[in-house]
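Work through the exercises below with the sequence and the model side by side. Each task is followed by a worked solution.

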Amino acid sequence: MRIAILGVAHLHVDAYVENLRNAGAEIVGVSDWDAERGTTWARDESIPYFASAEELVAEGVDGVVVCSETVHHRALVEIAASAGAAVLCEKPLGVGAEDSEAIVRACRDAGVRLMTAFPTRFSPAARRVERMVREGDLGRVLSFTGTNQSVMPMRERSWFADKTLAGGGAMMDHIVHLADLYNWMVGAEPVEVYAVSNRIVHTEVVTVETSGLVVVTYENGVFATIDCSWNRPLDYPTWGGLAISIVAEAGTVEADLFRQRLVQYGGRRALSWVDFGLDTNQLMIDEFVASIREDRAPAISGEAGLSATRVALAALESAATGLPVQLDRLP
C-alpha cells in the first residue's frame, strides 16, 4: 500500500505519519508548496521530499493524505484524482462552496474514493450515542447541543487564523466536526443555519472570528446548536475538547469525546492532560487504508465532508448578514 502526503501545514499530519506506518502503509514521499517547511518536516520524519505533488504522485501511489492549508485542498485533490489515487482530505474540504463542490466532483468524475478526515466519528463514545439514536433508545430525538472549543491555533499552526488560507477563523475550524456528527446521527439533511460570531477574545492577535454560536435546523424538525471558539487560554492543559448533549422524548444523553485522560504535573509543561485509550486518528487511518485494500467506499464520504463544510460556510454568511441561511439539498 503506497501512500503519499500532500502538504504538511495541518497539525494532524504529525500524527498521521505514525498512524500510516502502524496501518502497514508505505509512505512514498511528501510534498509541500513551502520547500523549506516541507524539506525540514520530511527530514525529521525520514520521508523523501518531492518538489511538487505532480512529481510525487507520478511515483505511483494508491492513495494520498491531503494536509495542506485549506486553500490548497482543491488543487491537490485534483492532482491526486487525475492520477487515480484515493484521497483522504483534511477538513473543511475547501475555503468556499465552489472549491468544496469541485473536490467532490473531481473524485467522482475520476472514479476514485474520497474520504473526509473526521476522526471524531471513530470515537467509541460517539459511536455508542449514534447507535442509541438509531435504535431509538431515547425515543424521538428533539435537539442536540454541542461544544468544540480550543486554544488559539497560534500555538500549533498560525495559518488557521488567516482567512485567505483557512476560509475563516474559529467557525471554519470547529463547526465541521459537530456538524458532521449531527448529520450522521440525525440521518437527515440540514436545511437552515443561523449564527452569530464575535472577536472579543484575542482581538489584538487575529482579525478573524474567535467565537461563534450556531443553530442548525434539519428537515425532520430536529435542531442543533454548536458553540465553537478559540477561547481557551494558551496555557490550557490540552488543545481543547468536544462534547455533545441530546434531548429526546424519553430521555437525554451526554458525551465528552475526550474524557479519557491523565493529569500530568511537571515535565515539559506545568500542567497537561494526557490522552489514553483508543486513538481515533489511528482508527480513521486504518479505515482509509482498508477501504483502498478492499476496493470499497470509506466509512466517511466526501459528500459527508461537503455537507459539514456547507454548514460552516452558511454560518459565516449568516453571521455576516444577521439572517438565517437556507440550504438546498445536496445533489
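This is a predicted model: local features need pLDDT of at least 70, side-chain atom pairs count only at pLDDT 80 or more; totals for chains, interfaces and linings use all residues.

**Exercise 1.** Decide whether Thr-225 is buried or exposed, and list what it touches.

Solution. Start with location: Thr-225 sits in strand 10, residues 223-232. Next, take its relative accessibility, 18%. Buried means under 20%, so Thr-225 counts as buried. Leaving out residues up to four places away in sequence, Thr-225 touches Phe-144, Thr-145, Gly-146, Tyr-182, Val-214 and Val-215.

**Exercise 2.** Describe helix 9, its covering and its ends.

Solution. Helix 9 spans residues 280-293 and reaches 20 Å from first to last C-alpha, close to the expected 20 Å. Eleven of its 14 residues are buried, among them Met-284, Ile-285 and Phe-288. The elements that cover these buried residues include strand 1, helix 1 and strand 4. Just after the helix, Asp-295 has a positive phi of about 50°.

**Exercise 3.** Compare where the partners lie in the salt bridges Glu-78 with Arg-74 and Arg-108 with Glu-303.

Solution. Glu-78 and Arg-74 meet at 3.0 Å, N to O. Both belong to helix 4, four residues apart, about one turn. Residues three or four places apart in an α-helix point the same way, because there are 3.6 residues a turn. Arg-74 and Glu-78 are also linked with Glu-98 and Asp-99 in a salt-bridge network. For Arg-108 and Glu-303, the closest N and O atoms are 3.3 Å apart. This pair joins distant parts of the chain, helix 5 and helix 10, 195 residues apart.

Notes:
Residues are numbered from 1 along each chain as its sequence is written. Side-chain values use heavy atoms; hydrogens and water are left out. Helices (H or I, at least four residues) and strands (E, at least two) are DSSP runs, numbered from the N terminus. Buried means under 20% relative accessible area, exposed over 50%, partly exposed in between (1.4 Å probe, protein chains only). Contact means heavy atoms within 4.5 Å. The expected span of a helix is 1.5 Å times one less than its number of residues. A polar contact is a pair of N or O atoms within 3.5 Å; within protein, one must be able to donate a hydrogen and the other to accept it, and residues adjacent in sequence count only if both atoms are side-chain atoms. A salt bridge is a side-chain nitrogen of Lys or Arg within 4 Å of a carboxyl oxygen of Asp or Glu.
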